[in-house]
Amino acid sequence: MIIAITCAVAIAVIAFILGVRPKDIPQPEPVSPFLHLDERKAAIYENLRDLQFEFRLGKLSDDDYQSTKKDLQKELARVLAEVDKIKNAGGASVQPPPPAKVVVPPTGFICPACGAKFPTALKFCGECGKPMRLAQ
Ligand SMILES: [Zn+2]
């Protein structure tokens, strides 16, 4: 039942996209390769859940369950490998890499007097005004 509804929704969405895209979006935005793979990954996870559910209901034989599960896990491994490949390649063609983050020590700087936390080193605590030193 859930599968039937999901299929119907998926078909409706696809029909909607196909029907709308050509005229409304002349130049579709480039889709992130991750998005596509994430969707596939999510679909596989969902299939695995459904499979487990049906197996528990006794709708599947142990053999069917095991072989289908193996297939799905293989597919999942392929998708994950693809994600890794794109990540290692930088995924640069479609999306610019995220800007490098400023490295902040996980603990930050903690005032020894009042315990207030600050992301940067301060000579004096912004909370209580007492001299500070590095927390680490
Ligand atoms: Zn303080």
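Surface patches are built here from residues with over 30% relative accessible area and no salt bridge, like charges being joined within 9 Å and nonpolar side chains (Val, Leu, Ile, Met, Phe, Trp, Tyr) within 5 Å. In this predicted model, local features need pLDDT of at least 70 and side-chain atom pairs count only at pLDDT 80 or more, while totals for chains, interfaces and linings use all residues. Residues are numbered from 1 along each chain as its sequence is written, and side-chain values use heavy atoms, with hydrogens and water left out.

One nonpolar surface patch consists of M1, I5, V9 and V13, which together have about 420 Å² of accessible area, as given by the Shrake-Rupley method with a 1.4 Å probe, only the protein chains shown counting as cover for residues. V13 belongs to helix α1 (residues 2-24), where helices (H or I, at least four residues) are DSSP runs numbered from the N terminus.

Salt bridges, defined by a side-chain nitrogen of Lys or Arg within 4 Å of a carboxyl oxygen of Asp or Glu, number four in the structure. K41 pairs in this way with D38, their closest N and O atoms being 3.7 Å apart, and the two residues are separated by about one helical turn because they stand three residues apart in helix α2. A further salt bridge joins E75 to R40, with the closest N and O atoms 3.3 Å apart; this pair links distant parts of the chain, since E75 is in helix α3 and R40 in helix α2, 35 residues apart. E75 also meets R78 in a salt bridge (2.4 Å, N to O), and a network of salt bridges links R40, E75, R78 and E82.
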